[in-house]
Amino acid sequence: MNSHRFSWFNATSLTLGFVFLYLPILLLIIFSFNSSKLVTVWGGFSTKWYVSLFQNESFMNAAFVTLKVGLVSATIATVLGTLAALVMTRAGKFRGRTLFSGMIYSPLVMPEVITGLSLLLLFVALGWDRGFWTITLAHITFSMCFVAVVVSSRLITFDRSLEEAAKDLGCTPINAFLQVTLPIILPSVVAAWLLAFTLSIDDLVIASFTSGPGATTLPMKIYSQVRLGLNPEINALSTLMIIAVSVGVIVASILAKRAEAKQGLD
Amino acid sequence: MATEVLDNIAHESWNDQNVAPLIRFVNVTKKYGDFTAIDNLTLDIYEKEFYALLGPSGCGKTTLLRLLAGFEEPTSGSILIGGEDISHIPPNKRSVNMMFQSYALFPHMNVEKNIGFGLKQEGRSKEEIKQRVDEMLALVQLEEFATRKPHQLSGGQRQRVALARSLAKKPKLLLLDEPLGALDKKLRERTQFELMNLQESLGLTFMIVTHDQEEAMTVSSRIAIMDKGIVKQVDTPAVIYEAPNSRYVSDFIGDVNFIEGIVSSQDNKKVVLKTADGESLILHSETPLDIGAIIWLSIRPEKVKVSKTKPENVNNVLQGKVDDIAYSGNVSTYYVRLANGNTVKAQATNSRRLSAREITWEDDVWLYWTDTAGIALSE
């Protein structure tokens with residue numbers, strides 16, 4: 001019964017692991033409250049960089065674009081990805097099934113640079129003006145496959161007789177999905193949405209290829225700023241992003257836990 | 001013996017020429033690729049029947065049920081309910097409901113919502129749904145569990161919720177897919193009687209799929225024995241047991257001994273069989289047999305008596321040695337090896353305590369049975 005004990009070896013490896021993962025982030029958060037303009041020298045506590053950040057219009061614009069792209073692309077990707085997952089787990093064998101699933105999963109392994117470049121070529125060939133919608137489309141394309149993976153892994157274990165019971169009791173196939181399947185797989189769908197949202201907020205490479213004038217996302221903005229030299233405002237901005245993402249993840253996992261506890265295991 | 005049984009049920013609806021069947025399968029075939037699950041099947045099910053489909057796994061009984069529920073469509077042939085062809089009507093438009101083997105209760109809804117689900121789909125008013133749900137809860141005695149979620153219920157309670165849900169819409173036909181498979185033995189036996197009472201008091205038609213032959217014998221009015229997509233025999237439990245039409249049916253339901261031989265003479269229903277060892281055995285046949293044809297004498301172990309002394313005034317006597325004894329509490333089965341090496345099973349009630357049993361291993365014994373105990377099977 002030794003395996004349940006918290007041995008010194010376990011404690012050390014856990015600590016080392018956490019330090020490795022979170023020390024850089026912790027440093028970033030600490031230095032965002034640094035009053036000195038020099039990023040690496042501590043000059044006392046201050047929140048002035050947050051104030052100046054909120055007064056910096058180009059940062060706020062980038063943040064707004066990022067959020068908008070994230071919300072729109074995550075929502076559309078969730079719908080499309082869920083539909084793809086349904087087809088892959090439900091349709092049984094059909095002509096081209098392997099090709100279809102391979103094509104859905106390929107963006108997972110495709111280098112981002114290539115995805116970005118090919119999308120750029122496509123948009124240029126179509127003569128579309130690059131901006132908000134091209135970034136959003138690009139994000140839908142690559143985050144959809146993550147949604148499909150998350151949702152289909154839930155659907156594989158889903159008891160089909162629940163849907164059959166719903167149809168047996170008078171539901172049309174669409175009604176059966178909306179009233180029975182969707183509520184039960186909802187935690188996975190929400191998780192998939194959050195994943196898509198995070199991927200979108202996070203993305204630099206594909207956004208760089210597909211953005212145009214007036215549609216700069218936050219990662220792009222940060223990257224271009226960093227090239228001009230480190231700026232304490234970036235630390236403040238990054239801290240806010242970390243807080244936003246952490247809150248989102250924690251809320252989502254609490255929701256998922258609650259939903260699961262409420263429903264029990266099916 | 002079979003004739004008396006048949007005479008007793010002569011008034012039943014399946015023997016009445018004037019009653020139209022509720023459900024008809026007409027030359028129904030269902031194929032999955034090259035595999036034929038149901039092979040040109042024709043059968044009639046009458047109103048208020050408790051119809052059991054019995055067979056080994058893969059015999060097509062579940063496919064048959066799913067065809068009726070509408071989850072599968074027949075490859076050819078047609079299925080009629082009350083004269084209407086429903087072969088290609090989707091499940092939500094059929095007046096048939098199903099109770100699933102896994103119960104398939106909706107985990108995100110409480111008991112009340114589960115039972116009322118079908119009524120809600122019909123667009124009934126809230127009051128109407130409430131009233132019907134309360135009726136159903138009373139029927140299955142789950143009033144105090146109305147607001148529980150399925151995972152807060154025991155297996156037996158879930159089974160009753162599933163039953164209540166499938167009955168709420170008053171279906172013309174209720175399909176039960178292994179409804180008691182997940183319950184323990186005692187609860188299963190009690191629930192069998194509850195199901196029968198319910199079916200009788202509600203006056204509904206039930207169709208049950210099971211692989212448990214005792215369950216089928218207990219609950220059903222008629223049993224269809226299936227094998228490889230074909231119905232081998234449809235009859236009342238008593239006829240299926242006492243007068244099976246083939247060795248397959250005879251062997252599938254209960255335990256049986258087969259003795260091969262040639263018909264040497266027939267006087268009305270009394271047949272004399274000659275075995276390869278020259279023994280003459282007398283058995284019963286409803287139909288005339290060809291003299292010289294190869295047939296099998298089929299006899300249930302409980303109809304074979306075993307004795308240490310040679311019985312008097314009996315035509316069917318075989319001698320052997322006790323090879324094995326299977327003691328199962330109320331009865332003991334003696335495996336008696338004959339001189340030709342074949343084994344015949346004989347069953348005796350343990351009316352005395354085990355220590356007082358007079359027959360033991362390696363004893364020389366006589367097996368005997370009456371002239372009508374064995375029946376002739378040619379298939």
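The structure is a predicted model, in which local features need pLDDT of at least 70 and side-chain atom pairs count only at pLDDT 80 or more, while totals for chains, interfaces and linings use all residues; side-chain values use heavy atoms, with hydrogens and water left out. Residues are numbered from 1 along each chain as its sequence is written, chains are lettered from A, and ligands are numbered from 1 in the order in which they are written.

## Chain B as a whole

The C-alpha atoms of chain B fill a box of roughly 75 × 50 × 40 Å, taken along the principal axes. Chain B has 379 residues, of which 51% are buried, and its secondary structure consists of nine helices and 20 strands, where helices (H or I, at least four residues) and strands (E, at least two) are DSSP runs numbered from the N terminus.

## Salt bridges

Over all chains, the structure holds 21 salt bridges, each being a side-chain nitrogen of Lys or Arg within 4 Å of a carboxyl oxygen of Asp or Glu. One of them involves E286(B), whose partner is K269(B), with 3.9 Å between the closest N and O atoms. This pair links distant parts of the chain, since K269(B) lies in the loop between strand 11 (257-267) and strand 12 (270-274) of chain B, whereas E286(B) lies in the loop between strand 13 (280-284) and strand 14 (294-299), 17 residues apart. K269(B) is also partly exposed, because its relative accessibility is 30%.

The salt bridge of K30(B) with E72(B) has an N to O distance of 3.9 Å. Here too distant parts of the chain are linked, for K30(B) belongs to strand 1 of chain B and E72(B) to the loop between helix 2 and strand 4 of chain B, 42 residues apart. Both K30(B) and E72(B) are buried, and these two residues, together with E164(A) and R66(B), are linked in a network of salt bridges.

A further salt bridge, of 3.0 Å from N to O, joins E189(B) and K185(B). These two residues are separated by about one helical turn, because they are four residues apart in helix 6 (residues 185-202) of chain B. E189(B) counts as partly exposed at 34% relative accessibility, while K185(B), with a relative accessible area of 53%, is exposed.

## Strands that pair

| Strands of chain B | Sense | Bridges |
|---|---|---|
| Strand 1 (residues 23-32) and strand 4 | antiparallel | five bridges |
| Strand 16 (residues 316-327) and strand 17 | antiparallel | seven bridges |
| Strand 17 and strand 18 (residues 343-349) | antiparallel | seven bridges |

Within chain B, four strands form an open sheet in the order 2-1-4-5, with antiparallel pairing. Its edge strands are strand 2 (35-45) and strand 5 (84-85), each of which pairs on one side only.

Strand 17 (residues 331-338) of chain B is mostly covered, with six of its eight residues buried. With strand 16 of chain B, strand 17 forms a hairpin that has three residues between the strands, and G329(B) in the turn has a positive phi of about 85°; G320(B) has L338(B), in strand 17, as its bridge partner. A hairpin with four residues between the strands is formed by strand 17 and strand 18 of chain B, where G341(B) in the turn has a positive phi of about 95°, and V336(B) stands opposite V344(B) in strand 18.

## Aromatic rings

The count of aromatic pairs over all chains is twelve, and rings of Phe, Tyr and Trp (its six-membered ring) pair if their centres lie within 6.5 Å, with planes under 30 degrees apart called stacked, over 60 edge-to-face and the rest tilted. The rings of F71(B) and F100(B) form a tilted pair, because their centres are 6.0 Å apart and their planes stand at 35°. F71(B) lies in the loop between helix 2 (61-69) and strand 4 (76-81) of chain B, and F100(B) in the loop between strand 6 (96-99) and helix 3 (111-121), so the pair ties together parts that are 29 residues apart in sequence. Both F71(B) and F100(B) are buried. In chain A, one aromatic cluster is formed by F33(A), F45(A) and Y50(A).

Key
Buried < 20%, exposed > 50% of the residue type's maximum accessible area, 1.4 Å probe, protein only. Pairing = 2+ DSSP bridges.
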